[in-house]
Amino acid sequence: MLKINNLHAAIDGKAILKGLNLEVADGEVHAIMGPNGSGKSTLAQVLAGRETFTVTDGSVDWNGADLLALPAEERARAGLFLAFQYPVEIPGVSNAYFLKAAVNAVRRHRGLPEYDAMDFLARVKAEMKAVGMKEEFLYRSVNEGFSGGEKKRNEVLQMALLEPRLAVLDETDSGLDIDALKIVAEGVNRLRSPARSMIVITHYQRLLDYIVPDKVHVLSQGRIVRSGGRELALELEEHGYGWIDAAQGDKA
Ligand code: ADP
Ligand code: MG
Ligand code: MG
């Protein structure tokens, strides 16, 4: 269970998150939508522990632990996965090497035996088949020269191998074609599990044509201003974000 309470975060003294509240129970998939600049990526980065942002108030309880007190690597080892965590290309480091190191770090932390080369290959090949990735991608440098869709498959592969307890997918506002959205959606749907929570961040409703979230939240100016079921996404699609801002204006 993730409980975000009154979260405030700033960058260079500029407040971005301004009292964000959110609870995600085990097994749930929540979608966070919102206009450009509302703080969606900031939320993802703060949860992952990126130091560019300063948390100025509030708390995040994750399964009884104070998430914000944990260094970023500890969060990852404890099962927090941020997609785009490894968006960078790493020339000279094979995908196989990289994935094995990441998976074994998580397994050590969980008290599970580390994979040897043979076990890892068997596991990774099975997962690659499930995401529709050719084996040659194991031996290529991490993300180097991968197309957008191939990077997405690789990201879903990372998520499948790391078996996160909480996955945060920040589907940035541009550059995602419909095929890439489907790859992400299939990955999310396949990896849904009672022990795993997922937060899918998106600017566009269309991702939610393929993922049926348990809850939808709208982030505006650093706070969640509306929550509902998937019908909220459809309403947004129909009326646009101006509708939310207008409703906020009425309240003020
Ligand atoms: P979203 O993901 O919803 O589009 P972001 O979280 O990326 O929004 O950004 C929220 C606000 O924070 C924006 O006003 C943006 O300009 C600002 N911001 C984000 N990153 C930085 C940064 N590195 N330096 C200064 N301002 C930033
Ligand atoms: Mg943006
Ligand atoms: Mg963003």
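The model is predicted. The chain contains eight helices and 12 strands. Its radius of gyration is 18 Å, close to the 18 Å given by the globule rule for 252 residues, so the chain is as compact as a globular protein of that length.

**Overall form**

- Taken along the principal axes, the box filled by the C-alpha atoms of the chain is roughly 60 × 40 × 35 Å.
- Among the 252 residues of the chain, 37% count as buried.
- Of the contacts in the chain with a separation of 6 or more, 71% are between residues 24 or more positions apart.

**The sheet**

- An open sheet is built from six strands with mixed pairing, in the order β6-β9-β10-β3-β11-β12.
- The edges are taken by β6 (80-82) and β12 (223-228); each has a single partner strand, so one side of each is left without a neighbour in the sheet.
- From one strand to the next, the twist averages 20 degrees.
- Within this sheet, β9 (residues 166-171) pairs with β10 (residues 197-202) in the parallel sense, over six bridges.
- In this pairing, E171 stands opposite T202 in β10.

**Helices**

- Helices α3 (residues 95-109) and α5 (residues 148-162) have axes that come within 9 Å and cross at roughly 30 degrees.
- Because angles under 35 degrees count as roughly parallel, α3 is roughly parallel to α5.
- The crossing of these two helices, α3 and α5, is right-handed.
- On the α3 side the residues that meet α5 are N95, L99, A102, V103 and V106, and their counterparts in α5 are N154, Q158, L161 and L162.

- Most residues other than glycine have a negative phi.
- N143, which is not a glycine, has a positive phi of about 60 degrees.
- This residue, N143, is found in the loop between β8 (141-142) and α5.
- N143 counts as buried, because it has 20 C-beta neighbours inside 10 Å.
- E163 likewise has a positive phi, near 45 degrees, in a residue other than glycine.
- The loop between α5 and β9 is the place of E163.
- With 18 other C-beta atoms within 10 Å, E163 is partly exposed.

Note on methods:
Residues are numbered from 1 along each chain as its sequence is written. Chains are lettered from A and ligands numbered from 1 in the order in which they are written. This is a predicted model: local features need pLDDT of at least 70, side-chain atom pairs count only at pLDDT 80 or more; totals for chains, interfaces and linings use all residues. Two strands pair if DSSP finds at least two bridges between them. Helices (H or I, at least four residues) and strands (E, at least two) are DSSP runs, numbered from the N terminus. Axes are lines fitted to C-alpha atoms, for helices over the stretch in contact, and angles run from 0 to 180 degrees between N-to-C directions. The radius of gyration is taken over C-alpha atoms; the globule rule is 2.2 Å times the number of residues to the power 0.38. A residue is buried if 20 or more other C-beta atoms lie within 10 Å of its own, exposed if 12 or fewer, and partly exposed in between; C-beta atoms are placed from the backbone. Two residues are in contact if their C-beta atoms, placed from the backbone, lie within 7 Å. Angles under 35 degrees count as roughly parallel, over 145 as roughly antiparallel, 65 to 115 as roughly perpendicular and the rest as oblique. A crossing is left-handed if the near helix is turned anticlockwise from the far one by less than a right angle, and right-handed if clockwise.
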